[in-house]
Amino acid sequence: MCDHLTINKGYGVHKLRLKFPGDESLLFRDCHFQYEKGEKILFLGPSGCGKSTLLQVLAGLIPHAVDVPMKAEQVVVPESTAMVFQDPDSQFCMTHVDEEIAFVLENLQIPREEMPAQIKKFLSAVGLHLEDVQTSIHKLSGGMKQRLAIASAMALQPEVLFLDEPTALLDSEGTNQVWETIRQLPEDQTLLIVEHKIEQMLDVVDRIVLFRPDGTILADGKKEEVLANYQEQLREYGIWYPGIWEDRLIDCSEVPITNQADSPLLALRDFQVLHSGNVKLHVSHADLYKGEWIAVMGKNGAGKSTMLQGIRQLLKTKGTLLYQGSPIKRGDLQEIGFVFQNPELQFVASTVKDEVAYSVRQALKNPSEEEIDQVVRERLERFALWEHHHKHPYQLSVGQKRRLSVCATIHERHQILLLDEPTFGLDAQNTFSLLDWLEQFSQSGTTIVMVTHSEEIADHYADRVWWIEEGRLQKVSSNGVDGKELADGGNRERDVASSSKS
Amino acid sequence: MEGIAKETWLHRVNPSIKLLLSLGVLISLLFIHNLNVMLLLTIVIIICFAFGTGVSRKIALLFFLPFFLLFCSSVLTMALYGKGSTFWWEWGIFRVSEESFYRGVHLGFRALTFGLIGLIFVCTTHPVRLFYSLMQQLRFPPKFAYSFMASIRLLPIIWDEFQTIRMAHQVRGFSPGKGWKGFKSKLSAYAVPLLAQSIRRAYRIAVAMEAKRFKGNQKRTYYYQLSIGKWDFLFLLFLLGITGIVWIGSEWIQLLPNQDVRLV
Amino acid sequence: MKKGLKLTDILVTIVISLVFGVIYKLWSPVYSAVKPIGLHVDQLLYGMWFLAGPLAFLIIRKPGVALLAETAASSGELLMGSEWGLSTLIYGLIQGLLAELILALFRYKKANVLVVSLAAIASCAGSIVFDYFQGYIDALVWWNLGLFFIARFVGSVLIAGVIAYGLAKALEKTGVTGLVRGSTEEDVRSLDD
């Protein structure tokens, strides 16, 4: 390697070698990366290629805070750095908004008298105008939490701000808020960003570094050049690039509208879901027909998950819930599948194979061991998980876990499948493969009710959208047809977002 | 315990002082062996709990219920199985003697006062103020103090996850069965996912804290300044006052046999 | 093994412990309800209150973790409004110290079911000493006292020894323990391959 490649200007690493404990091979072998003050850089690549790890090395978190075996000929870390992490719920250590920023100020030994003014300053810089700064962080939406994370990062007055997939777990509104905030930062702020969802943020960066699955750098250059020359890779690596939905849906046929003349499979009449004695959700009138695909949409905390849990009788309910024309009975519940948002919380076995076998055992009547083995294998192969059948479910990647949670839940007796944000936080590739599986089930007659934040999914996959607002089912809209307001107090001025089909 | 109690003067006592003095009271309770002193003290502490903490009556009763259960079980155990010579009642292995009965009652009172003192402390102390005070007054290492505060923040999230696991078990028809094996598999079916999530989350938070330039040993300023003042002095006087009342009062009011409940 | 506990170690230990603090609190009514049955069936359950220390050690495997875990768990129990009040802090401290002592005797090198069972027994012994001061347990009739000891020790070994070990093994399979175990010299050497 030539000498001129070592870092003499700006920051970076030279000849980085890094490996996770217990892994067979190196994640990075003699990786070189260099950047200068004022640059705004985006790291792109498939899940697991090591971009976030490289970010932590560049920020100096590895090896000081995070114990990962690494060595490099040269590492130049900026004097002051700050990082915003992916998960809004695991980067704060205090309970209230003001205390969280104060924590940073305390670390910098800012005198106590100056703290209230500084807290106000940093909060307003990210557009968090709270009536009372002593607001519980628990009550903020995901987008607000991430803006708080940016505020506390900026309180460090960092030379370089690192952002590690800051919008991966946000809906599109929250994502917009985060990038809008980043745009408001000072012009000369150096930014290093890892991101999968790039539609809303491309204007923020000027340089793109594209990684191969093995952690080597495939391309590093001006934003426009990389985007133009590596379209194929963006698609292959599961990145949410602009225009991905148009690309994906070229060969997707129009969703057939189901025949609603039949009697409903599930009928909700003055249906209420209770949580510790209080009514958390009210549905005055709704029907669900066989083979339908319903998208349930609405803000965080509006009651979408509560509704699914109510239908599955996991929470106390009042009112009428008719299944195939008669009040729902315990036995009927076996025909309703439920996929939880966090797959890990629903796993009951310690290998992928046992996880599916557990469900198969319950679905079949007195199955023989060979029979179980065969069904399990068929299913795992169908979900492209067979090669991992001996692993612990927790050892799978995020996308694989999600596939397993669906694979282990679904069985032939299910008439209805309830899913709570099954594509939440997934990259494009995993999202589309999961949607394709669900489409297959839908085609074979399974009714799907799915909570989602994605308008594209609602537009392109669902037959109808149920809109939940403040604990009420406010509106039902059919795709292609204008939304029908429900009689009980729907907001008439609201535009029908889902009715405009692309 | 935020939000369930109105603020009283006990809230204004410095948390570290309150903790140390309460621990002092606790230790001295171990040296009380006279039933009448104990009875009076229990009454005084119940009054403090009911009127000094600002907790609503409904919540106070809710808290009190398990305490009462503990009281009853403490009394019963010692009464039924304790040593003694003046027997009141005998049936099989159970022998209730006068001595064991009163010793049981004494133990019940002691358990009750132990619990209530702790509860008074918890109800009148905000955790964040407690840890800030521990750092400032008792030189408690910030590394530990902030770890505690971060962990307390996670408890509601962990509780939600627990509820989800319960639902998931219901949906998937998970029933671990009875007996030792059932207990074991039920415990691990809950504990493994909860612990795995918590470990991962705690680890990430720790990394985020270090990214915010938190070092365990650095000098730091404090957003909440806690100091020692008049309320702490008042609290000390209050405790001394209680001691006096109980001491003198037990000479006059003797509802129960006036004897040492220990073995003679 | 590096000296001292890192922030990640401390935070992970305390979070685990606070989860157990909640479990400890919920365990008290169960214990109280079983207690009057007699024959010290309740004492079989007592071992639950020793679980945090050995388990945290099995997960993190560093000096000081067992003591921190048991103390933190008892603080958590206190914050939840424990029936035992502040005395739970003293119990936690004694139980943690004694468990830590056993682990130190093995120089923190052994993490098998035998060692954690011994640590559980040590915690148990510590709790009995404090019970002696506050619970007049010497005033129980002899056969009852014997039963009391046996039940509490057996319960400790079963819950804080065997179950703690089982839980730690199950957690290892999930892979999360790798986060806190850190890298070995062997890992660092393998970078040169």
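**Notes on a predicted three-chain model**

1. Before going on, some ground rules. This is a predicted model, where local features need pLDDT of at least 70, side-chain atom pairs count only at pLDDT 80 or more, and totals for chains, interfaces and linings use all residues. Residues are numbered from 1 along each chain as its sequence is written, chains are lettered from A and ligands numbered from 1 in the order in which they are written, and side-chain values use heavy atoms, with hydrogens and water left out.

2. Two other backbone spots in chain A deserve a click. A:Gln324 is not a glycine either, yet its phi is positive, near 50°. A:Gln324 belongs to the loop between β14 (316–323) and β15 (326–327). Then go to A:Ile62 and A:Pro63: the peptide bond linking them is cis, with omega near 5°. A:Pro63 is part of helix α2, which covers residues 61–64 of chain A.

3. Now the whole of chain A. It has 15 helices along with 21 strands. The radius of gyration is 25 Å, which agrees with the value near 23 Å that a compact globule of 502 residues would have; the radius is taken over C-alpha atoms, and the globule rule is 2.2 Å times the number of residues to the power 0.38. Along the principal axes, the C-alpha atoms of chain A fill a box of roughly 75 × 60 × 40 Å. Buried residues come to 57% of the 502.

4. How does chain A hold together along its sequence? Of its contacts with a separation of 6 or more, 67% are between residues 24 or more positions apart (contact means heavy atoms within 4.5 Å). The accessible surface of chain A is about 21,300 Å², with 46% of it belonging to carbon and sulfur atoms; areas come from the Shrake-Rupley method with a 1.4 Å probe, and for residues only the protein chains shown count as cover. As for charge, chain A has 51 positive and 74 negative side chains, and the centres of these two sets are 4 Å apart. Lys and Arg count as positive and Asp and Glu as negative, while His and the chain ends are not counted; each charge is placed at NZ of Lys, CZ of Arg, CG of Asp or CD of Glu.

5. What does the record say about chain A? An unreviewed UniProt entry lists "domain: ABC transporter" at residues 13–239 and 266–495, though such annotations may be inferred rather than shown by experiment; feature names are shortened and positions follow the numbering used here. In the model, residues 13–239 are 32% helix and 22% strand, with end C-alpha atoms 26 Å apart.

6. A:Pro78, by contrast, is 369 residues away in sequence and 54 Å away in space, C-alpha to C-alpha.

7. Chain B meets chain C at B:Trp180. This residue sits in helix α7 (residues 179–211) of chain B and, at 37% relative accessibility, counts as partly exposed. Leaving out residues up to four places away in sequence, B:Trp180 touches C:Leu158 and C:Ile163.

8. Which secondary structure does chain C have? There are nine helices and zero strands. Its C-alpha trace spans about 70 × 30 × 25 Å along the principal axes, and 62% of its 193 residues are buried. Chain C exposes about 6,900 Å², with 72% supplied by carbon and sulfur atoms. Its charged side chains are 15 positive and 14 negative.

9. Last, the unreviewed UniProt entry for chain C places "transmembrane region" at several spans, including 7–27 and 113–133. Residues 7–27 are 100% helix, with their end C-alpha atoms 30 Å apart. Residues 113–133 are also 100% helix, and there the end C-alpha atoms lie 31 Å apart.

How values were computed:
Helix = DSSP H or I, 4+ residues; strand = E, 2+ residues; numbered from the N terminus. Buried < 20%, exposed > 50% of the residue type's maximum accessible area, 1.4 Å probe, protein only.
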